[in-house]
Amino acid sequence: MTPLDGALWLVRHGFAVFPTDHPGLEQCAGIGNGHDPATCTDRGKHPCAPFTRAHTLDEDQVHHTFGEQLRNVGVAIGGVDGPNGARLLVVDSDRPGAIEDAAGAFGYRHTPTMRVTTAKGHHDYYWSPGSLQLGNGLGALRGKFDGDVRGPRGYVIGPGSVHATGVMYELVDPQQPPVLAPPWLLTALQAPAAPPIPRPASAPLREGGGALVGLVRSVLNARQGNRNSCLYWAACRAFEHASKAQLDVRAVAVALVDAATHAGLTEAEARTTIASAYRSAGGTL
């Protein structure tokens with residue numbers, strides 16, 4: 001399956017798609033606030049278009065986008081309409097069996113659904129009630145699930161795409177559609193995440209005073225849909241402050257990663273954004 005094959009399969013089954021970077025390109029084709037294609041090391045995943053509004057279900061557009069240039073396929077989760085107003089929800093397991101183990105931790109068995117294998121694990125596609133305001137947060141799954149969740153404001157890489165390692169994203173069963181998310185999963189995702197374990201402020205935060213503490217707090221309080229841009233802004237300001245005060249920038253980065261992951265970003269997303277912010281200041285983490 002090529003990216004074009006995967007994109008056509010997706011739109012024919014009602015999944016909105018958009019182009020993302022392909023690791024076969026000499027340079028990342030992705031765009032985005034704080035993203036530097038020339039120095040990108042997380043290849044194959046960055047959107048080449050503002051996916052929340054530039055996705056498509058049109059086959060002619062798919063042929064033009066994926067048939068005439070080398071691109072991976074992104075699935076715009078918010079652009080997919082399910083039965084009876086249901087919304088798409090994708091559970092991204094970072095290892096095989098991660099969601100099965102999480103279900104067992106809550107006393108249930110995993111509910112099989114549409115699955116796409118990835119380089120590390122798999123994506124499970126579910127329908128969730130349209131009345132629920134689900135985002136990318138893990139809720140009560142935090143600490144019990146090795147992976148992430150993607151709601152209407154997120155996206156995942158679709159079948160036919162190629163990971164930076166060369167592994168292809170593949171449908172396990174093309175005849176299996178998404179099923180309704182099991183109640184235990186929906187309940188877990190709506191539960192408030194456990195608060196982080198209090199720990200003494202690191203030396204850079206203590207030495208940096210209120211400025212660094214305030215920047216970390218802004219990341220913790222960032223709203224869904226604005227978390228990544230808030231993190232980039234805060235990281236830029238934090239590294240500027242750390243440079244002037246001659247503080248340990250790595251410890252500052254750790255504090256920002258902690259705040260960002262508690263706010264709902266994945267660790268990989270947080271590290272990529274923070275590294276981009278640091279590079280803009282002329283450094284290398």
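This is a predicted model: local features need pLDDT of at least 70, side-chain atom pairs count only at pLDDT 80 or more; totals for chains, interfaces and linings use all residues.
Me: Why is strand β5 called largely enclosed by the rest of the structure?

Reply: Buried means under 20% relative accessible area. In β5 (residues 122–128), 7 of the 7 residues are buried, so the strand counts as largely enclosed.

Me: Which way do the residues of β5 point?

Reply: His122, Asp124, Tyr126 and Ser128 point one way, while His123, Tyr125 and Trp127 point the other way. In a regular strand, side chains alternate between the two faces of the sheet.

Me: What makes β3 and β5 a pair?

Reply: Two strands pair if there are at least two bridges between them. Strand β3 (residues 87–93) is joined to β5 by 7 bridges, so they pair, and they run antiparallel. As one example, leucine 89 has tyrosine 126 as its bridge partner in β5.

Me: How do you know that β9 pairs with β5 too?

Reply: The cut-off is at least two bridges. Strand β9 (residues 179–180) and β5 have 2 bridges, so they pair, this time in the parallel sense. Here tyrosine 126 stands opposite valine 179.

Me: What do β4 and β5 form?

Reply: They form a hairpin, with 4 residues between them. Strand β4 (residues 114–117) runs antiparallel to β5, joined by 4 bridges; threonine 117 has histidine 122 as its bridge partner.

Me: Which residues touch the most other members of the largest nonpolar core?

Reply: Among its 26 residues, they are Val219, Leu231, Phe239, Val252, Leu256 and Ile274. Helices α7, α8, α9 and α10 each supply at least two residues of this core. A second, separate core of 25 residues includes Trp127, a residue of β5.

Note on methods. Residues are numbered from 1 along each chain as its sequence is written. Side-chain values use heavy atoms; hydrogens and water are left out. A nonpolar core is a set of buried Ala, Val, Leu, Ile, Met, Phe, Trp, Tyr and Cys residues joined through side-chain atoms within 4.5 Å. Buried means under 20% relative accessible area, exposed over 50%, partly exposed in between (1.4 Å probe, protein chains only).
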